[in-house]
Amino acid sequence: MSEFKIGHYTNLNAGTGCTVIVCPEGTKASACARGIAPGTREFALLSPFRKVEEIDGLLLTGGSAFGLDAAAGVMRYFAEQGRGHDTPFRKIPIVPAAVIYDLYMINSESFPVAEDAYGACQQARSGNMMQGNVGVGTGATVGKWAGLEYAMKGGLGLARVEFNGIWVETLTVTNSVGDVIDGEGKILAGARKNGKFLAADDPKIRWLPREEIRDMNTVLAAVMTNVNLTKSQLYYLAERAHNGIVRTILPAHTSFDGDVVFALSRGERPVQIDLITEMAVEATGQAIMSGVRAAESLGGAEGLKTIS
């Protein structure tokens with residue numbers, strides 16, 4: 001079982017929520033953004049060229065930039081645990097964060113706050129396999145390229161890939177411009193009208209997304225593994241894991257998206273870098289598909305689990 005603990009705050013009435021990953025002590029991290037408009041906190045710290053290597057937790061939240069304030073609750077939780085980066089006067093918890101835009105879902109005045117994220121930390125546990133309309137996935141939608149009225153419900157997904165005692169577990173939230181595609185190239189969830197996917201006959205119509213959805217799209221992923229990687233290797237892992245997004249979302253990484261992948265490692269075992277990156281690509285793609293398969297209808301957006 002993973003040492004990484006996952007906790008959620010879910011508000012179905014408002015269509016928003018947040019997810020916290022409580023990391024084991026000594027977790028190293030980096031991240032890579034390919035979306036043109038990410039919303040983040042402490043992102044620059046994760047560059048392989050920056051000093052701090054370890055993080056205490058990771059917050060993925062709804063509420064756009066408003067939701068970033070919820071990280072204060074995660075900071076408080078770790079401060080109470082006596083965790084953080086050593087400085088001359090006190091420990092400073094290191095808590096990167098990233099947001100999705102879900103303000104359109106039900107209530108644009110509601111978003112996660114510090115107390116919500118603190119509660120998510122308190123109930124975080126290993127083996128938490130909740131998916132779909134939970135945590136940061138609560139207000140996510142997919143297939144917005146044709147407009148919100150045709151979008152389907154996205155969600156939070158989890159997938160694990162193992163090989164010879166090595167494992168990679170990816171947590172994703174899919175709130176994308178593009179449609180989600182399965183391993184055979186068929187549309188799982190996306191722009192849909194009267195029971196039919198709009199791009200089923202002509203995929204090229206996705207190439208001109210509607211302007212009004214420009215600021216509403218992000219795919220976030222947290223790739224966790226039990227091997228020993230340097231910060232530079234973790235950046236490469238995050239960079240490569242984006243391929244899992246590209247394989248399962250069409251179109252991906254557009255000028256309308258703010259996609260970010262975080263890579264976290266805690267372990268002593270060395271590994272060949274191409275092995276772990278391919279495992280991460282596979283786990284990321286599987287998590288995206290799993291998240292939309294578990295999504296239920298909410299706020300007028302049809303969920304695959306509900307209509308199947």
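Analyst: A residue is called buried under 20% relative accessible area, exposed over 50%, and partly exposed in between (1.4 Å probe, protein chains only). The model is predicted, so local features need pLDDT of at least 70 and side-chain atom pairs pLDDT 80 or more, while totals for chains, interfaces and linings use all residues. Residues are numbered from 1 along each chain as its sequence is written, and side-chain values use heavy atoms, with hydrogens and water left out.

User: Does Asn 164 count as buried or exposed?

Analyst: Asn 164 lies in the loop between β11 (156-163) and β12 (166-175). Strands (E, at least two residues) and helices (H or I, at least four) are DSSP runs, numbered from the N terminus. Because its relative accessibility is 58%, Asn 164 counts as exposed.

User: What is the phi of Asn 164, and what is that of Ser 64?

Analyst: Ser 64 is found in helix α1 (residues 64-67). Neither residue is a glycine, yet phi is positive in Asn 164 and in Ser 64. The value for Asn 164 is about 50 degrees, and that for Ser 64 is near 55 degrees.

User: How many helices and strands does the protein chain have, and what part of its residues is buried?

Analyst: The protein chain has six helices and 19 strands. Of its 308 residues, the buried share is 58%.

User: Why does the radius of gyration agree with a compact globule?

Analyst: The radius is taken over C-alpha atoms, and the globule rule is 2.2 Å times the number of residues to the power 0.38. Along the principal axes, the C-alpha atoms fill a box of roughly 60 × 45 × 30 Å. For 308 residues a compact globule would have a radius near 19 Å, and the chain agrees because its own value is 18 Å.

User: What share of the contacts with a separation of 6 or more joins residues 24 or more positions apart?

Analyst: A contact means heavy atoms within 4.5 Å. Among contacts in the protein chain with a separation of 6 or more, those between residues 24 or more positions apart account for 79%.

User: Which residues does Thr 284 contact, leaving aside neighbours within four places in sequence?

Analyst: Thr 284 sits in helix α5 (residues 273-293). With a relative accessible area of 0%, Thr 284 is buried. Its contacts beyond those neighbours are Thr 170, Thr 172, Ala 221, Val 223, Ala 241, Gly 244 and Ile 245.

User: How far apart in space are the C-alpha atoms of Pro 96 and Leu 60?

Analyst: Pro 96 is in the loop between β7 (91-92) and β8 (97-99), and it counts as buried at 0% relative accessibility. Neighbours within four places aside, its contacts include Leu 58, Leu 59 and Phe 262. Pro 96 and Leu 60 are 36 residues apart in sequence, and their C-alpha atoms are separated in space by 8.8 Å.

User: Where does Asp 257 lie, and what separates its C-alpha atom from that of Ala 37?

Analyst: Asp 257 is in the loop between β18 and β19, and counts as buried at 2% relative accessibility. Not counting residues up to four places away, Asp 257 touches Ala 37, Asn 217 and Thr 218, among others. Asp 257 and Ala 37 are 220 residues apart along the chain, but their C-alpha atoms are separated by 6.3 Å.

User: Which residues are closest to the centre of the largest pocket?

Analyst: On a 1 Å grid over the protein atoms alone, a pocket is an open set of points where a 1.4 Å probe fits, with protein on both sides within 12 Å along at least five of seven lines; lining residues have an atom within 4 Å of a point. Points are joined across faces, edges and corners, and a volume is the space filled by probe spheres set on them. The largest pocket has a volume of about 280 Å³. Of its 15 lining residues, the closest to the centre are Glu 54, Asp 56, Gly 84, His 85 and Asp 86.

User: How does the lining of the largest pocket divide by residue type?

Analyst: Ala, Val, Leu, Ile, Met, Phe, Trp, Tyr, Cys and Pro count as nonpolar, Asp, Glu, Lys and Arg as charged, and the others, Gly among them, as polar. The lining divides into three nonpolar, four polar and eight charged.
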